[in-house]
Amino acid sequence: MSRGTIDITVPDLSGKRAVVTGASDGIGLGIAARLAAAGAEVLMPVRNAGKGEAALAEIRRRTPAADVSLRALDLSSLASVAALGRTLLEEDRPIHILVNNAGVMTPPERQTTEDGFELQFGTNHLGHFALVAHLLPLLRAGHARVTSQISVAANRNAINWDDLNWERSYQGMRAYSQSKIALGLFGLELDRRSEAGGWGITSNLSHPGIAPTSLLAARSEISRDRDTLGVRVIRALSARGVLVGTVGTAQLPALHAATSPDAERGGFYGPRGPGHMGGPPGEQKPYSRLRSTEEARRVWRVSEELIGAPRRG
């Protein structure tokens, strides 16, 4: 199969309401566009309204009848997450699909969220944990499928339990790995708690492999003033069809996990190419860091304490 023909079939999603974080560009925009093209009503919670409007225009260019709209969300602010939760609860419409896709990667220097958490842990994991907590009644009403986007980085390093916020010795990639390991453990624990408690939610994980997205590009909001060497190498390999994927193929595992009737609860989906870096999507074994139910329960408990959420299950 050539790279140009790698794709999946997204089933008819008419009547479904979907929420995709990080949908203003890159992989998230691609996911939102495909969900809308399949007939779903797609909500795009974004931090940057200008980028959000441009993303809406792009989706409507591809699918003129697309039912897409923006909501405000800054995952690095628990107050912003709570505000979105209130907005959607007031709308009182079930959510059928939630894709926890947004993320930030390796700021050059340690940064913190509005609430004082290390930026990657606070945004990539705690922000999504809080979002699910606020939206739980709507997710239960919609018998939702929740897909959390992790990373190949979750296959190395560990959760730094002695210094979750990296106050003593910040290492950007280790902190990024921690945030994605925590999100993955949470996603799997969500499925176990839902099944045990009869919540009606199914939860699984995906990862995009390696592709030339904006995560490692110049980003003024995290004080990265130039593209990293890593993203320049990835772009070159992607353009030549060597090992890594494209932005188009990188969106497919999450799309499959979030929509396919064959995607299993508690499953883990990523590219099937060499090293799981690119290629068509398929199921794979969870990384070793994601297999401990005790560690997952600890992530859940500590996350509740950190965000001040009511205990559920």
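**After the helix**

Modeller: Let's begin at a helix end: α9 is followed by G308, whose phi is positive, near 70°. Keep in mind that this is a predicted model.

Colleague: Okay. How many residues does α9 have, and how far does it reach?
Modeller: α9 covers residues 293-307, which is 15 residues. From first C-alpha to last it reaches 21 Å, close to the 21 Å expected at 1.5 Å a residue.

Colleague: What happens at the start of α9?
Modeller: A side-chain oxygen of S292 comes to within 3.4 Å of the backbone nitrogen of E294.

Colleague: Which residues of α9 are buried?
Modeller: A296, V299, W300, V302, S303, E304 and I307.

Colleague: And what do the buried residues of α9 pack against?
Modeller: Three helices: α3 (78-91), α4 (119-141) and α5 (172-197).

Colleague: Switching topic. What is the strand order in the open sheet?
Modeller: Eight strands, in the order β3-β2-β1-β4-β5-β6-β7-β8. The pairing is mixed.

Colleague: Which strands stand at the edges?
Modeller: β3 and β8 (281-283). Each has a single partner strand, so one side of each is left without a neighbour in the sheet.

Colleague: How are neighbouring strands turned against each other?
Modeller: By 20° on average, with direction ignored.

Colleague: Now charges. How many salt bridges does the structure hold?
Modeller: Eleven.

Colleague: Let's take R17. Which residue does R17 bridge to?
Modeller: R17 pairs with E91, and the closest N and O atoms are 2.8 Å apart. R17 lies in strand β1 (residues 17-20) and E91 in helix α3, so the pair ties together parts that are 74 residues apart in sequence.

Colleague: Is R17 buried or exposed?
Modeller: R17 is buried, at 3% relative accessible area.

Colleague: Which other residue does E91 meet in a salt bridge?
Modeller: R71, at 3.1 Å from N to O. This pair also links distant parts of the chain: E91 in α3 and R71 in strand β3 (residues 67-72), 20 residues apart. R71 has 18% relative accessibility, so R71 counts as buried, the limit being under 20%.

Colleague: So which residues end up in one network?
Modeller: R17, E41, R71, E91 and R93. Salt bridges that share partners join them.

Colleague: What about R61? Which residue is its salt-bridge partner?
Modeller: E58, with the closest N and O atoms 2.7 Å apart. Both lie in helix α2 (residues 49-62), three residues apart, about one turn of the helix.

Colleague: Why does that spacing matter in a helix?
Modeller: An α-helix has 3.6 residues a turn, so residues three or four places apart point the same way.

Key. Residues are numbered from 1 along each chain as its sequence is written. This is a predicted model: local features need pLDDT of at least 70, side-chain atom pairs count only at pLDDT 80 or more; totals for chains, interfaces and linings use all residues. Side-chain values use heavy atoms; hydrogens and water are left out. Helices (H or I, at least four residues) and strands (E, at least two) are DSSP runs, numbered from the N terminus. The expected span of a helix is 1.5 Å times one less than its number of residues. Buried means under 20% relative accessible area, exposed over 50%, partly exposed in between (1.4 Å probe, protein chains only). Contact means heavy atoms within 4.5 Å. A polar contact is a pair of N or O atoms within 3.5 Å; within protein, one must be able to donate a hydrogen and the other to accept it, and residues adjacent in sequence count only if both atoms are side-chain atoms. A salt bridge is a side-chain nitrogen of Lys or Arg within 4 Å of a carboxyl oxygen of Asp or Glu. Two strands pair if DSSP finds at least two bridges between them. Axes are lines fitted to C-alpha atoms, for helices over the stretch in contact, and angles run from 0 to 180 degrees between N-to-C directions.
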